[in-house]
Amino acid sequence: MAAPMAQVGHMMCSKTLRCFRRFSSGKGVKRKIQKSSSKVQRPIDEIIQNITSPRPVSFQQMYHLRRQEAHRSILVQIPSKKHISSVYNQVKPLGKVMNIFHFSHIRDYALIELESRAAVQRVLRSASHFSNDEKIPVESRVLLLTGGFESVGKQTIPLPVQSDPKEKFEISDCYNATGLSHQIEILYHRNHLTDLGCRLRFFVCSKLEDMLSGLFPHCAVLPFGSTVNGFGKHDCDLDMTLSLLQSEHQVGKNPNLKFMTKKRTDNERGFTQRSLQTVADIIEQFVPLCLGVHRILNARVPIIKFRNDACNIECDLSFSHISGHRMSEVLWVLSELDPRVAPLVFCVRHWARVNEVNRKHPGPWVSNFMLTALVVFFLQSHPQPVIPKLRTLYHPVNPHDDFSAPFMSDYTKVPKTKNTDDLGELLKGFFAFYSSFDFQSRGMSVIEGTTFSKPDFSPVYLENPLDVNLNVCKNINIPEFERLKKAFETALWNLETNGEKKQRAWGLMSILLPNGNGNNGKLHVHVGDLFSQRSESGNQDGNQDGNVDDHQVDNQGGNQDGNQDNVSDMRTKAEPSH
Ligand code: GTP
Ligand code: MG
């Protein structure tokens, strides 16, 4: 995937780059959002302002622009938000500032995007080291503002200091909404990964790339998964792969003069494990702000887990593999095709987490990724499909190409759907569809958008679009499937019987209450209870607790549920087995 991305980069003219510079990660179409309460209104209005910028038309463009943006950025720790003017003063003489973001996590930080990498180098060359023997003299794009405070509060910065809205979704936000669709919009807009969240994740990758580039000048640390697939939540983890030599960088072409290198002494897996071990040591010892490094090297796909403390991001780093990136591209294109796709996926994922049919750690239950695939299949199977079957989106170079062939280069050319259902109708449709789906004998294909006779006895069979011999839902065992099926039915019942706005939990609230599942659809909740209750804490979904023991927990889960065979496959989510 790296090669096409770089090609896109070379092909794009500076005008195009300028044109895309301000795209945001909010979804693309202005929607009619009825305003019912000032509490829910403000963040949505902010998002509407942001989504008028032109948007990239292919995954490669989006990816390239994000990477460039990250390479031109520096992160500066500051004493408080008002010190942003001081940072601006330090940086301004060395290069034009394109964007400034402020965020706080324990401390305050400014993420500053400069006009070019050369400007970043000038800033770095101007910075000094602590004169303290205990400090390791590492140079990176993470800096600390220690002086130059005379301009604090005095200087005005000629561009806005951007930051994320503080409010996150709470179930009580839904109470004053105008309808089920509006409730789903609120959930999505409050929870989705923002422009800043995306920039910080790309920045973490590019910083790591810098640190390793001394030995491997053409290495790449590439994000995949929810950071880039259009379904990222504000606190989602950062999945990354490390590639030591991107294929487009063959450096010189002289076949007579080669770099002298060492030969690998062990097999591919051994090499990966030893290399990751070395990278983990470097991160632990030298990379600022990366803490809690854990090496999970005996997993089927070895990974390193760590936490970026400033950005408050849980990170998973694995060695280069294509399928995670390809799958991210598939999902990104689907999320861009219709503005209802991502809010619906968010809602279904949130419902699944609250109702405990999906959990934070891997196990024999439905994962976020599987839920996304189920939503995609439902949207394709609708009598008036919302998104097309995948086959229509690929551009196979020859008829025998599999689905690793490139996607169409401009998704905006895909004909628009005629389906006009609102989000509420689609959500009910989703639960109705899977409440009556013949899981026993039918498998699902998102390539064809149709069902087929199930080839094995897995409780749920959804063909992997990147390898049609594999089942994406292979890990779901029978007890978890039964719970899921029951939860679909209960959710449908709740939505149909609590659709109207009354003095109690209505619409989305009726399915987002913990333990709502299994109460036969009867609500015993009073509105007053809702206002004291967060529907989803950071710990449930957001990796806030820095729990790095997921991979051990999942072993126990597998044993308890009698799904031992699949357990080793699920030990890391970096590259699934199916
Ligand atoms: P979050 O829950 O927000 O982290 O979503 P995510 O999409 O990042 O999921 P996760 O971190 O579990 O996995 C990262 C990526 O790996 C996904 O986006 C998919 O591209 C891929 N992936 C995850 N699970 C599976 C699976 O079961 N099968 C396949 N084929 N790919 C998967
Ligand atoms: Mg992830």
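1. In this predicted model, strand β6 and strand β7, the latter spanning residues 238–243, pair in the antiparallel sense over 5 bridges. Within that pairing, the bridge partner of alanine 220 is serine 243 in β7. Strands of a sheet pair through backbone hydrogen bonds, either parallel or antiparallel.

2. The two strands belong to an open sheet of 5 strands, whose order is β6-β7-β10-β9-β8 and whose pairing is mixed. Its edges are formed by β6 (220–224) and β8 (290–296), each of which pairs on one side only. On average, and with direction ignored, neighbouring strands of this sheet are turned by 25° against each other. Helix α9, residues 268–286, packs on the sheet and touches β7, β8, β9 (303–308) and β10 (313–319), while the direction of α9 makes about 165° with that of β8.

3. Is arginine 67 buried or exposed? With a relative accessible area of 13%, arginine 67 is buried, because the cut-off for that class is under 20%.

4. Strand β1, residues 73–78, and β4 pair in the parallel sense over 3 bridges, and leucine 75 stands opposite valine 142 in β4.

5. How do the axes of helix α7 and helix α13 cross? Helix α7 (residues 180–191) and helix α13 (residues 423–435) have axes that come within 7 Å and cross at roughly 90°. Because angles of 65 to 115 degrees count as roughly perpendicular, α7 and α13 are therefore described as roughly perpendicular to each other. On the α7 side the residues concerned are Leu180, Ser181, Ile184 and Glu185, and these meet Leu423, Gly424, Leu427 and Lys428 in α13. By class, this contact of α7 with α13 has 4 nonpolar, 2 polar and 2 charged residues.

6. A hairpin is formed by β13 and β14, with 2 residues between them. Strand β13 (residues 463–464) and strand β14 (residues 467–471) run antiparallel and are joined by 2 bridges, and glutamate 463 stands opposite asparagine 471 in β14.

7. For the chain as a whole, the secondary structure comes to 19 helices and 14 strands. Of its 578 residues, 55% count as buried. Among contacts between residues at least 6 apart in sequence, 71% join residues that are at least 24 apart.

Terms used
Residues are numbered from 1 along each chain as its sequence is written. Chains are lettered from A and ligands numbered from 1 in the order in which they are written. This is a predicted model: local features need pLDDT of at least 70, side-chain atom pairs count only at pLDDT 80 or more; totals for chains, interfaces and linings use all residues. Side-chain values use heavy atoms; hydrogens and water are left out. Two strands pair if DSSP finds at least two bridges between them. Helices (H or I, at least four residues) and strands (E, at least two) are DSSP runs, numbered from the N terminus. Axes are lines fitted to C-alpha atoms, for helices over the stretch in contact, and angles run from 0 to 180 degrees between N-to-C directions. Contact means heavy atoms within 4.5 Å. Angles under 35 degrees count as roughly parallel, over 145 as roughly antiparallel, 65 to 115 as roughly perpendicular and the rest as oblique. Ala, Val, Leu, Ile, Met, Phe, Trp, Tyr, Cys and Pro count as nonpolar, Asp, Glu, Lys and Arg as charged, and the others, Gly among them, as polar. Buried means under 20% relative accessible area, exposed over 50%, partly exposed in between (1.4 Å probe, protein chains only).
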